[in-house]
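Try each task before you read its solution.

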Amino acid sequence: MTLETPDAAAAGTWQLGDLTVNRIGFGAMRLTQNGAAFSDDRGPHDRNRAISVLRRAIELGVNHIDTAAFYFSPLRSANELINRALAPYGDDLVITTKVGPGRGPSGDWQEWARPEQLRGQVQENIRQLGLDHLDVVNLRANGPAPIGEQFGALAELRKEGLVRHLGLSNVRPDQLAEARAIAPVVCVQNRYGIGERRGDCEDVLRTCGELGIAFVPFYAIAAGGREAGADLTAEHEVLLDIARAHDASPAQVRLAWTLRRGPHVLAIPGTGNPAHLEANVAAGALRLTDDEAGRLTALGQPAG
């Protein structure tokens, strides 16, 4: 497919509470370094290149950026790069962050944040991004345990004005229901992609659509590659055939399928490569047929 005039608006829009975003956004996890995210043995992205990617994303109509204070490599911080590249921020830009996991200054993973520690994590995101409050904060769940205490702590920060809207990440249907009983939920981020769908994620996706909540898959391109990225040598022939039919890349087909799962589904592909950025944004204009979408949906599902 042509990359002449990619525009994030081509995929349509959705609401995160009272905030309107284009359904193609940008994820900052992979912005800080080459290779696998969170790995210490990879080289950092060139700082000026990373800044140019962020600025180019805005030029292409991206107005939804997903980040976190724990997105950093030995020499780069995603939040600091966003601040340097985009501040002062445009009125239509929505920056979504997440809390729960914690990393020490050397990158070592620490204990999951207790409810009373979430204020500090929110404040750290605010400091790094140079903001007075955060647009959307997602609580990332640590397994199937109840999340009421943690989400309640964030709800208090919302009442104080430090947070505008709340979301969830890596949650199950019962956790979504538990959180909604405490405060409104505007988005859910779960791992979801072609051939990479936990059974209850379909339930969460469907419930989000019924409730008007955005469903924001992560690893939509990487799938099983997760932090390391997509394994382009292992793509299924069905996916490759469809990509060839549209003169598109497998990654673009994965994004197009993701967006086709419902009007409430957003995409946040991330990259430090300017060409990949343009290709990702252009995928918002790729329209799969019903047959193609069905064949892709079947990948990875049990027979029968």
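**Exercise 1.** Work out the handedness of the crossing of H7 and H10, then describe how the two helices pack.

*Solution.* Start with the handedness: H7 and H10 cross in a left-handed way. Keep in mind that you're looking at a predicted model. Next, find the helices: H7 covers residues 237–245 and H10 covers residues 290–298. Their axes lie 10 Å apart, at an angle of about 155°. Angles over 145 degrees count as roughly antiparallel, so H7 is roughly antiparallel to H10.

**Exercise 2.** List the residues that make the contact between H7 and H10, and sort the contact by class.

*Solution.* Take H7 to begin with: Val238, Leu239, Asp241, Ile242 and Ala245 take part. From H10 come Glu292, Arg295 and Leu296. Now sort them: the contact has 5 nonpolar and 3 charged residues, with no polar ones.

**Exercise 3.** Zoom out: how many helices and strands does the protein chain have, and what share of its residues is buried?

*Solution.* Count 10 helices and 9 strands. Of the 304 residues, 53% are buried. As for contacts between residues at least 6 apart in sequence, 73% join residues at least 24 apart.

Note on methods:
Residues are numbered from 1 along each chain as its sequence is written. This is a predicted model: local features need pLDDT of at least 70, side-chain atom pairs count only at pLDDT 80 or more; totals for chains, interfaces and linings use all residues. Side-chain values use heavy atoms; hydrogens and water are left out. Axes are lines fitted to C-alpha atoms, for helices over the stretch in contact, and angles run from 0 to 180 degrees between N-to-C directions. Helices (H or I, at least four residues) and strands (E, at least two) are DSSP runs, numbered from the N terminus. Angles under 35 degrees count as roughly parallel, over 145 as roughly antiparallel, 65 to 115 as roughly perpendicular and the rest as oblique. A crossing is left-handed if the near helix is turned anticlockwise from the far one by less than a right angle, and right-handed if clockwise. Contact means heavy atoms within 4.5 Å. Ala, Val, Leu, Ile, Met, Phe, Trp, Tyr, Cys and Pro count as nonpolar, Asp, Glu, Lys and Arg as charged, and the others, Gly among them, as polar. Buried means under 20% relative accessible area, exposed over 50%, partly exposed in between (1.4 Å probe, protein chains only).
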